[in-house]
Number of protein chains: 2
Amino acid sequence: MTTSLSPNWLTAREALALIEAGDLTPVALMDACLDRWRARDAEVRAWTHLDPEAALARAEDATPGPLHGLPVGVKDILYTEEMPTSFNSPHFQDHWPNIDAAAVAMLRKAGAVMMGKLDTVEFAVNGRRAATMNPHDLTRTPGGSSSGSAAAVADGQVPVSLGTQTGGSVIRPASYCGVYAIKPTWNLVSHEGFKVCAASFDTLGWYARSAEDLDLLAEVFGIEDVPAPASLQGATIAICRSPVWDKAEPATVAAMAEAEARLRAAGAEIRVLDLPPAFDGLTEAHRIIMQAEMRVSFLAEYRELGEALYPEMVSILKNEKGDSRADLLAALDLAAACRAEFDRLAAPFDAVLTPSTAGEAPVGPENTGAATFNRIWTLLHMPCVNVPGLTGPQGLPVGLTLTGPRYSDRRLIALAGQLGSLLSQAPMRPQ
Amino acid sequence: MTTSLSPNWLTAREALALIEAGDLTPVALMDACLDRWRARDAEVRAWTHLDPEAALARAEDATPGPLHGLPVGVKDILYTEEMPTSFNSPHFQDHWPNIDAAAVAMLRKAGAVMMGKLDTVEFAVNGRRAATMNPHDLTRTPGGSSSGSAAAVADGQVPVSLGTQTGGSVIRPASYCGVYAIKPTWNLVSHEGFKVCAASFDTLGWYARSAEDLDLLAEVFGIEDVPAPASLQGATIAICRSPVWDKAEPATVAAMAEAEARLRAAGAEIRVLDLPPAFDGLTEAHRIIMQAEMRVSFLAEYRELGEALYPEMVSILKNEKGDSRADLLAALDLAAACRAEFDRLAAPFDAVLTPSTAGEAPVGPENTGAATFNRIWTLLHMPCVNVPGLTGPQGLPVGLTLTGPRYSDRRLIALAGQLGSLLSQAPMRPQ
């Protein structure tokens, strides 16, 4: 079924099966990915560092394992012993920590091959934008901050990639680029070895062109399986328009309605989950905690670089909003209470469907979209999986999120695959 | 007042004042510390890495700043660009990450000079013990896991040092070695750049021979000042025997009574703080969360090293206790609820007095004591300052902890200094 496709378009599972059968080599797979990169890089610009000779040499040396020979792209805030890590910051262009992020080490141990480093918004926060453009429309943003991670997978330059999310930095680019991605439950995968932004929100996530590929990496990262319904028929799905529904554009309103209709047609039981009023405070709580934690995690850089850091960062470091310790404690305690409450509210459902973004990708690169629909889930530590398949009035992807209680990650991945198949029979491929 | 002392026994503030006045040089101060190290290292064994020539060269190059020329010892799980980081693990003896922990970078930027790396229990958890012995009694443990950090400061080998706490790894060694130390509010100082054990507990702390020196580093780390009573007269101190009071040995029972009597004599208002029954579950909640988070943070090492890791670690990684996700969520939510509750309960008091350890340091090195009296405060994210000054029946130090609501760190440091002066007129110096 896949032989007519160039190998760079294979899913990870398809490619690994061919490698195991002896019908594809890690070097040939990397070569196909590099060919796609060469053809498209001038326009998509997903990578901050890619040395094709070194990538091929690493593919040649790939070790056996469940990911034997699988090319992986790595967001350029994760440390990689064999490549530099720039944070896409002008202040860290020669930065080369000689250690691997824990996630990179686990992937390599499983046989994966690091292909290169993927562009990001500066420090995965704000400031300098990634040079990356949306592969489906080169005038538009791929989203931020994991801009290159989503774009490279969507464009067929690499089958899977790593990103990180503190607000909406994994799910938003997945929605805009039309790929699967997971932001797992907080601290379910080690945070070690990447630039910290907000310690209690930062979450490693990953991208793929199938839900099964998300699950493949979940297995390598040691995430326990959670039983999922074998089919959407009879599954109970809650529709949660979230406290920020008024920010949804027509594209997202239509996508939510379309998904609901297809779920009903497939025999799913649809419920409505309205969040209690306390949840209305979570967007502001996210801002207060994130900025307070940034004052901790960027203090060393501030001491070194001062006003040379970008102005919005400096403003946060100076606490120009004037948030107090009491504001921070109230935000922390509200978040903690709502975590337990959301687990309770979501327990009766197999999954909760909610928007991934306000709509289609805006014109970029300066505008990378907003994390409006992602922040509260990041704050609550809940797992989120982006489901691609629908498009908006511009013909661009509009993703939807499946979320659920903490630690329901692999159930959500399985249901995302089923929902994705309902929404679209074939992945959307640029050019 | 200090001229009769060798400079290695000066407090940081005393030494810095002499350096600023031109009466002491950073090199002379480092030389005095190295002399003490040479005289005592065969017995105290506090350091995993100390290159005297390199330390002197760094002192020679010390940059101006609030800590100009101050020698600092660094626990050997924190990354230091100029020195290796072994985690005191047989598997990481040649490990040399080429980046600085954020805390190390901030201290160096302020003018401090890294003297060397201090011994720790393996990975700051368990397994291989530090070689370090208690400088007050060389048959006894200095406590773990920041064994070298406490012992080197107590022994006059360095004026201040960095440690980390996940259970009781800062406060316990401070109690056993008779020095001041702070485990601040969680995530008040960046966690970046050290081996993660349990992400939601790991806390950078520091040691000194005076409370004023703790405050000096608090300022460099950007911790906001919190007003403290100018004197203990009229201050309101709550006595909290904690849910594990039945584990207190006679030395600690006597120390708590002695401190209470001296506080009363000094005019402090003494209250009793009995914690509600929900707090009885916090010790077990700490174990469940810590072990669940260790399964995340040590998975990469487990994949690489397997059963070569020490047996207790392997048992935790295999979850041989069989803790469930439901157990973990219940523990997380109990901890979160008790954080808010303790802030409320402690709000009426200037500080809360509670034991630091069950008693004096046990015979070591295999037995490093227990974190019994520290775990619940680490779990709750509350700041803790160890106050030295009292001794037990063996003539060894017995510390007490001042704790309070989140973010009351510098108030507690100030009160710890006042209480320490009540308990002892002069620091206890080995040999």
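Residues are numbered from 1 along each chain as its sequence is written, and chains are lettered from A in the order in which they are written. Because the model is predicted, local features need pLDDT of at least 70 and side-chain atom pairs count only at pLDDT 80 or more, whereas totals for chains, interfaces and linings use all residues.

**Exercise 1. State the confidence values of the prediction for chain A and for the complex.**

Solution. Then take the complex, to which the predictor gives an ipTM of 0.97 and a pTM of 0.98.

**Exercise 2. Describe the domains of chain A and the contact between them.**

Solution. First, identify the domains, whose bounds come from an automatic or database domain assignment. Domain 1 comprises 7–234 + 349–423, and domain 2 comprises 278–336. Second, locate their centres, which are 26 Å apart when taken over C-alpha atoms. Third, examine the contact (C-beta atoms, placed from the backbone, within 7 Å): domain 1 of chain A contributes 18 residues and domain 2 of chain A contributes 16 residues. Finally, classify the residues on the side of domain 1 that touches domain 2: 8 are nonpolar, 7 polar and 3 charged. In this scheme Ala, Val, Leu, Ile, Met, Phe, Trp, Tyr, Cys and Pro count as nonpolar, Asp, Glu, Lys and Arg as charged, and the others, Gly among them, as polar.

**Exercise 3. Which elements of chain A give two or more residues to the side that touches chain B?**

Solution. Start from the totals: 32 residues of chain A are in contact with 32 residues of chain B. The elements (DSSP runs numbered from the N terminus, helices being H or I with at least four residues and strands E with at least two) are helix H4 (102–109), helix H9 (282–297), helix H10 (299–305) and H12 of chain A. H12(A) supplies the largest share, 6 residues. By class, this side of chain A has 16 nonpolar, 7 polar and 9 charged residues.

**Exercise 4. Characterise the packing of H12(A) with H12(B).**

Solution. Take the axes first (lines fitted to C-alpha atoms, for helices over the stretch in contact, with angles from 0 to 180 degrees between N-to-C directions). The axes of the two helices, residues 325–346 in each chain, come within 10 Å and cross at roughly 150 degrees. H12(A) is therefore roughly antiparallel to H12(B), the term for angles over 145 degrees. Next, the crossing is left-handed, that is, the near helix is turned anticlockwise from the far one by less than a right angle. Then list the contact: Leu329, Asp333, Ala336, Ala340 and Asp343 take part from H12(A) and also from H12(B). These residues divide into 6 nonpolar, no polar and 4 charged.

**Exercise 5. Where do the cis peptide bonds from Gly144(B) to Ser145(B) and from Gly364(B) to Pro365(B) lie?**

Solution. For the bond from Gly144(B) to Ser145(B), omega is near 0 degrees; Ser145(B) is in the loop between strand S3 (113–118) and helix H5 (147–154) of chain B. For the bond from Gly364(B) to Pro365(B), omega is near 5 degrees; Pro365(B) is in the loop between strand S9 (351–355) and helix H13 (375–380) of chain B.

Conventions:
Contact = placed C-beta atoms within 7 Å. Parallel < 35°, antiparallel > 145°, perpendicular 65-115°, else oblique. pLDDT = per-residue confidence, 0-100.
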